[in-house]
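Student: I would like to go through this model with you. Could we take it piece by piece?

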Amino acid sequence: MNNQIIAFGDIHGCYQAAEAAVKLAEELKAKAVFLGDYVDRGPSGIRTLQTLMTAKKNHPDWVFLMGNHEQILLDLIKGKNKPEDIGSALDISQFDYAQAEHSYNEWKILKSDEQHAIVEFIEATKLFYETQQLIFTHAVLRDNGHSLQEKSKEELIWNYDFEPVWQGKKFIHGHRNIEKVTLSENSININTFCGYGGTLSGLAIDMHSGMPLTIYLISENGKLLIEEAHPHKNLFK
């Protein structure tokens, strides 16, 4: 393995994009970090999860984070909620459990051992990943008085708010849909509407310096569209 980490944004059921992401990381010999929201929106959340499960088996050091959509699906699987239910998060936002109904129906027709494997994979996902230089999360980090380790699960998979501005390490995240990879003072958003007619973004980073090296854009059907070398190379100086 070389000294690269490649982080991928929300996949949202676009399993061909997931397959292409896995292949790209393998070709680069990079450590992959997937930022969550693997299910819903696209053709098959379950095929996406199965693709990532195989990747995890083949690459035990790769990192898979939990997104809010995995939690929604897990709530349906566990019987905590029904597709017609309305949920709430952080006391400020509401969401429909119906958005995970397709993924849930896919899960229900699997064999029991396959169902168990899906649940096991989701439950094993992490809430964040931290290196010496960077933090990787699903949702946006904000300075709400809690350290990264003290933050609640709900905060780490649901928060959209940048205020108050996070004062810790720079972080790379998904969750908020955005047209293109966007850099701000303390964060990089790489969630570029995959599953909504957009693309899956992969950001390759130097493992030691935390410097962005290349942005890769993958279409929802798995085609590598753009490779932008040395993007905003002065970002972390």
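Student: Which strand does Thr-137 lie in?
Tutor: Thr-137 lies in strand S7, residues 135–137; strands are DSSP runs of E with at least two residues, helices are H or I runs of at least four, and both are numbered from the N terminus. This is a predicted model, in which local features need pLDDT of at least 70, side-chain atom pairs count only at pLDDT 80 or more, and totals for chains, interfaces and linings use all residues. Residues are numbered from 1 along each chain as its sequence is written, and side-chain values use heavy atoms, with hydrogens and water left out.

Student: Is Thr-137 buried or exposed?
Tutor: Thr-137 counts as buried because its relative accessibility is 0%; buried means under 20% relative accessible area, exposed over 50%, and partly exposed in between, with a 1.4 Å probe and protein chains only.

Student: What lies 2.7 Å from a polar atom of the Thr-137 side chain?
Tutor: That is the backbone oxygen of Ala-139.

Student: Changing topic, where is Asn-186?
Tutor: Asn-186 is in the loop between strand S9 (182–183) and strand S10 (187–189). Asn-186 is buried too, at a relative accessible area of 13%.

Student: And which residues does Asn-186 touch?
Tutor: Leaving aside residues up to four places away in sequence, Asn-186 touches Val-165, Trp-166, Gln-167, Lys-169, Lys-170 and Phe-171, where contact means heavy atoms within 4.5 Å.

Student: What about Thr-137, which residues does it touch?
Tutor: With the sequence exclusion of up to four places, Thr-137 touches Leu-35, Leu-65, Phe-128, Leu-156, Phe-171, Ile-172, His-173 and Gly-174.

Definitions and conventions: Polar contact = N/O pair within 3.5 Å; in protein donor to acceptor, adjacent residues only side chain to side chain.
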